[in-house]
Amino acid sequence: MMRSRLLRAVAAGALIAALAAPAAAPQAAAAGPDYAAGDGEPTATACAELGFRSSPEDGMGFHGGRVGYAAPNAVVGMAPPPPPPPPPPPPLAMPDVTAVEGVTVTGQRVVRQDFEAISPVTTTGATQHAAAPYQPGPVETERYPDATVNPVKRVAEQPVSTFSIDVDTASYSNVRRFLNEGRMPPRDAVRVEELINYFDYDYPRPQSRAEPFRPFVSVTPSPWSSGKRIVHIGLQGYDIPQTQRPPLNLVFLVDVSGSMQGPDRLQLAQQSLNLLIDQLRPEDHVSMVVYAGAAGAVLEPTSGGQKLRMRCAVNALQAGGSTAGSQGLELAYQLAQRNFQPGAANRVILMTDGDFNVGINDPAKLEDFIAGKRETGVYLSIYGYGRGNYNDALMQRLAQNGNGTAAYIDSLQEGRKVFRDDFEHGLFPIADDVKIQVEFNPAQISEYRLIGYETRLLNREDFNNDRVDAGEVGSGASVTALYEVTPVGGPSSVDPLRYQGEARATPGVGGELAFLRVRYKLPGQASSRLLERPITEADAFRAWQAAPSATRWAIAVASWGQKLRGDPWIPAGVGWNDVLAMAGQPSDRTDDPRSEFRSLVRRSTELGALASASR
């Protein structure tokens, strides 16, 4: 027992010492032909010369225990004597919600759950799309937000709909993972807006960073409900030219606990990080923190020109131990703030399965802690890995409070999409606290329902309150939302009230169907700006088949998502083949994500038929 404690103390000391340890490394690096450029193949020899080892053979690491990496040495080829045991780390000081200045969170959010400690779950699987049949572990502990499907609302009683935008895509790749494993996803795992926003709709692009959004609107008959219509709203974000993109101050926060063992977890996270490293420029800087039973910094702030050093640090990571996630978050934020650059993209990038089983007594306080940190200008993005104990609910909540994005990486293919193809979408913000509000005209529309965004709903008064947090949009990213509406005189889902008269149309706007308002803040600004436009019959199409391709595709994805989660507003007669018909003809490109979507719909058909036959 005493030997185990000593080893843990040595490992923790090595972690904390890692910031200073590589000071002599540049001299050794100069000897190699590739090191002058700061890049090269991260071979064992090259990494050893930089002070990184792939296995802790000299006692500096803690293999299979609390920390799974080998700290760099101050002198190449010589292992320093073990440092004295450090004092125990202080507990993470997280402010109460009342202590966070300037932060107000109102409206409906993800329903809180009790995240008590759990034991790591062993699972098996492949690194790509898990073609092999899924073999469950001894217990499934995956957690998802508990959100009720949006109801139909009468315009006469509630004419205004308000919500925070969502550009996360975690739900799509997680649903894909379930289908490729041969099982239907849990209904709570399906967030329709994240399925829709997974795709690029090629909306018209804005021309100015000062006005970072250009709205797109279309109205078309609903393909699944006769007499109803779909209102399609799209916002295309400004794409910052590469020469104008701000520098990055990133802190990689990597979960190396025991639950991250496996090719679909830490190994896939390492591959993902190497893809991100490929995109860095000399003016960018990266630090890295790991956490298991202890937390420590393993890479000091390093220029994007020193990619070899970064790769060696990433490739040396090993998994083992429990999960002191809160300590890792605290240390990562400290590093981000220590190297904070005004005007830069300052961000913590967390890679984890979300299994925080040590150090969290109150998840609400953790959310408040992260919300307070976003007020300093340091944002948090979260990338999820693994299965069996994947904690989607917690990661969604933390990303929302951290003003960042959340994605789920189920394969190296998805890693390429997130960290290479869509690199700028997640790291270079163009607008903060983006909110959408739609006011429906009771003279034209009797009912409406927002499709998705159940965890992003806001109160009406939140729209004009600049202290209320909302979503962030990155460079070139787009946002899509759909409403299903019932025209006046159409098939109503809700009976009118007996004692309340219907609202009357406002003179001069009787021909408007609705009015769209968008509020957003430019990065670093405290006051919001307003974008607005009416939605009229000029935006309408007589048949959904005649609508723009962006609208037809969004409708197809929305119908698929609603069927997956069993929405009561999709008629029982709408089948999976109807979804395929809405998606139209496939393209010739094998790498087209829309071709993959059609494959997933066909997979849903097969699994749905099997489920029906078994009942």
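1. Aromatic pairs. Rings of Phe, Tyr and Trp (its six-membered ring) count as a pair if their centres lie within 6.5 Å; planes under 30 degrees apart are stacked, over 60 edge-to-face, and the rest tilted. Across the whole structure, 21 aromatic pairs turn up. In one of them, the ring centres of Tyr 448 and Tyr 483 are 6.2 Å apart and the planes meet at 70 degrees, so this pair is edge-to-face. Tyr 448 sits in strand S12 (residues 445-451) and Tyr 483 in strand S14 (residues 478-487), so the pair ties together parts 35 residues apart in sequence. Helices (H or I, at least four residues) and strands (E, at least two) are DSSP runs, numbered from the N terminus.

2. Basis of the model. This is a predicted model: local features need pLDDT of at least 70, side-chain atom pairs count only at pLDDT 80 or more, and totals for chains, interfaces and linings use all residues. Residues are numbered from 1 along each chain as its sequence is written, and side-chain values use heavy atoms, with hydrogens and water left out.

3. Burial of the tyrosine pair. Buried means under 20% relative accessible area, exposed over 50%, and partly exposed in between (1.4 Å probe, protein chains only). Tyr 448 has a relative accessible area of 3%, so Tyr 448 is buried. Tyr 483 is at 0%, and so counts as buried.

4. Disulfide. The structure holds one disulfide (a pair of cysteine sulfur atoms within 2.5 Å). Its partners are Cys 47 and Cys 312, with sulfur atoms 2.0 Å apart. The torsion about their S-S bond is about -80 degrees, so the disulfide is left-handed. Distant parts of the chain are linked here: Cys 47 belongs to helix H3 (residues 44-49) and Cys 312 to helix H7 (residues 307-315), 265 residues apart. Cys 47 is buried at 7% relative accessibility. Cys 312 is buried at 2%.

5. Largest pocket. On a 1 Å grid over the protein atoms alone, a pocket is an open set of points with protein on both sides within 12 Å along at least five of seven lines; a cavity is a set where a 1.4 Å probe fits but cannot get out; lining residues have an atom within 4 Å of a point. Grid points are joined across faces, edges and corners, and a volume is the space filled by probe spheres set on the points. The largest pocket has a volume of about 980 Å³. Its lining comprises 39 residues, with Tyr 198, Lys 417, Asp 421, Asp 422 and His 425 nearest the centre. Strand S10 (406-408), helix H11 (412-421), helix H12 (423-427) and helix H15 (593-614) give two or more residues each. H11 contributes the most, with eight. By class, the lining of the largest pocket has 13 nonpolar, nine polar and 17 charged residues. Here Ala, Val, Leu, Ile, Met, Phe, Trp, Tyr, Cys and Pro count as nonpolar, Asp, Glu, Lys and Arg as charged, and the others, Gly among them, as polar.

6. An aromatic cluster. Tyr 198, which is among the residues nearest the centre of the largest pocket, also belongs to an aromatic cluster with Tyr 172, Phe 199, Trp 553, Trp 560 and Phe 597.

7. Helix H4. Tyr 172 is one of the buried residues of H4. This helix (residues 170-180) is mostly covered, with 10 of its 11 residues buried. The buried set includes Arg 176 and Arg 177. Just after H4, Gly 182 has a positive phi of about 90 degrees.

8. Second largest pocket. This pocket holds about 700 Å³ of space. It is lined by 32 residues, and Tyr 379, Asp 432, Pro 523, Gly 524 and Gln 525 are the closest to its centre. Strands S8 (345-352) and S11 (429-440) each supply at least two. S11 gives the most, with four residues. The lining of the second largest pocket divides into 14 nonpolar, eight polar and 10 charged residues.

9. Cavities. There are seven cavities of 30 Å³ or more. The second largest cavity has about 60 Å³ of space. Of its 13 lining residues, Asn 403, Gly 404, Arg 456, Gly 471 and Glu 472 lie nearest the centre. Helix H10 (392-401) and strand S13 (471-474) each supply at least two. The lining of the second largest cavity has four nonpolar, five polar and four charged residues.

10. Helix H14. In H14 (residues 576-583), Trp 576, Val 579, Leu 580, Met 582 and Ala 583 are buried. They cover an arc of only 160 degrees around the axis, which puts them on the same side of H14; the arc is that of the directions from the helix axis to the C-beta atoms. Asn 577 and Ala 581 are exposed on the other side.
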